[in-house]
Amino acid sequence: MKILFITACILTVFYANAQNSNSANWSNPLKKVERLNSPLVEVEPFVLNGEFYLLECWRSKWDWPGQPSLTAGSDSEMWIAKLPNGPEDYKNRTYVSCALKGNELGTAIVWKNRVYVFGVKGASDRQYVEMTWSDDLEHWSEPVKVLDSPAGKIFNVSLTRDKKGFVFLWETNGVGSKYFTMCFGHINDLSDNWNDNIIENGVYGKDKYTGGPEVVYAGGWYYLLYLEKLDNGWETRVTRSKDLITWQDAPEDRPFIPFDKNNKNLPLHEPEVAEKNASDPGIVSFNREVVVYFTGGIQKKAGDLQWARYKGSLKKLMEGYFE
């Protein structure tokens, strides 16, 4: 018995040291590329017919140079921007159309050459989600309500496609003990009503702060990118699940996107103000790499739009935070 106990202790110490060694040798596979000099916070990249686009959510009265319309911020408009040569060409983007007005905190998803845009209706006091779709990005369907909040307000939405249909997510302050909690459901068609398809106990973050989510599906796993509150700021982390009920967090020292305290000259802030946030990722695969947009800033007044890349598949990128 004594020999078995000693052996078990040795194996435990060895495993712990191996874990520490792995973390010490780990480096983030996602590489930051560029700050884009924009106050935007919620931006979702998507690809349609091989072309690269962004859904930009304008929801503050910034009056920023190059904004798509004079009323973009004041009317909470969600605009489609085309980047003619991919993410490297943000400065030469052109605005195609306004997908939704009076909506905030939105997202976009492409299915069968059709773009679906979802947004939180501001006039409803963030109590419901609307959806519109387009085949050509110029003409949009009449918005329809897809979710009435079961509890609390809605602060973000995200969708991803799996083998059986689509997973949807909404962020709310009406569930759990902390701001904010992620709630999940599953639909067969993107026009289906969410309230009828909520997953019982499909939640994440009931007992801690979470925020700024993005859900993606790869290699049989649902990966949730969410905001973790630290003592000195906020960073995006990653957790994963097979069923959207039981979750496995990546190690704490493997953030998906950390903030950079050396970043200063933030949009709409004094020059000496330093970044302490990295949140609200939007993710897409394009030209054999993964492209991620996110915002910096300080969680006040405005963001600091940036993008990062990983040269490889989404599956390989996400697995890199758990291996």
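Begin with the largest pocket: select Ile109, Val110, Thr160, Arg161 and Ile283, which lie nearest its centre among the 22 residues of its lining. β2, β6, β10, β14 and β18 each give two or more residues to this lining. The structure is a predicted model, in which local features need pLDDT of at least 70 and side-chain atom pairs count only at pLDDT 80 or more, while totals for chains, interfaces and linings use all residues. Residues are numbered from 1 along each chain as its sequence is written, and side-chain values use heavy atoms, with hydrogens and water left out.

Points are joined across faces, edges and corners, and a volume is the space filled by probe spheres set on them. Strands (E, at least two residues) and helices (H or I, at least four) are DSSP runs, numbered from the N terminus.

The volume of the largest pocket is about 530 Å³. Its lining divides into 14 nonpolar, 3 polar and 5 charged residues; here Ala, Val, Leu, Ile, Met, Phe, Trp, Tyr, Cys and Pro count as nonpolar, Asp, Glu, Lys and Arg as charged, and the others, Gly among them, as polar.

Next, select Val41, Glu42, Arg59, Asp280 and Gln299, which lie nearest the centre of the second largest pocket, lined by 26 residues. The elements giving two or more residues to that lining are β10 and β18. This pocket has a volume of about 410 Å³, and its lining holds 9 nonpolar, 10 polar and 7 charged residues.

Select its lining, which includes Glu42, Val43, Glu44, Asn156, Val157 and Asp280. At least two lining residues come from each of β2 (43-48), β6 (103-111), β10 (154-161) and β18 (279-286).

Move on to Leu30, Phe256, Leu317, Met318 and Tyr321, the residues that touch the most other members of the largest nonpolar core, which has 24 residues. Such a core is a set of buried Ala, Val, Leu, Ile, Met, Phe, Trp, Tyr and Cys residues joined through side-chain atoms within 4.5 Å. Another core, of 20 residues, lies apart from it and includes Val120 and Trp194.

Centre on Tyr321: leaving aside neighbours within four places in sequence, its contacts (heavy atoms within 4.5 Å) include Trp26, Pro29, Val238 and Pro251. Pro251 lies in the loop between β17 (248-249) and β18. Pro251 counts as partly exposed because its relative accessibility is 32%; under 20% is buried, over 50% exposed and in between partly exposed (1.4 Å probe, protein chains only).

Finally, select Thr172 in strand β11 (residues 166-172). Is Thr172 buried or exposed? Thr172 is buried, because its relative accessibility is 0%. Its side chain reaches the backbone oxygen of Lys153 at 2.9 Å, and also the backbone nitrogen of Gly174 at 2.9 Å.

Conventions. On a 1 Å grid over the protein atoms alone, a cavity is a set of points where a 1.4 Å probe fits but cannot get out, and a pocket is an open set with protein on both sides within 12 Å along at least five of seven lines; lining residues have an atom within 4 Å of a point. A polar contact is a pair of N or O atoms within 3.5 Å; within protein, one must be able to donate a hydrogen and the other to accept it, and residues adjacent in sequence count only if both atoms are side-chain atoms.
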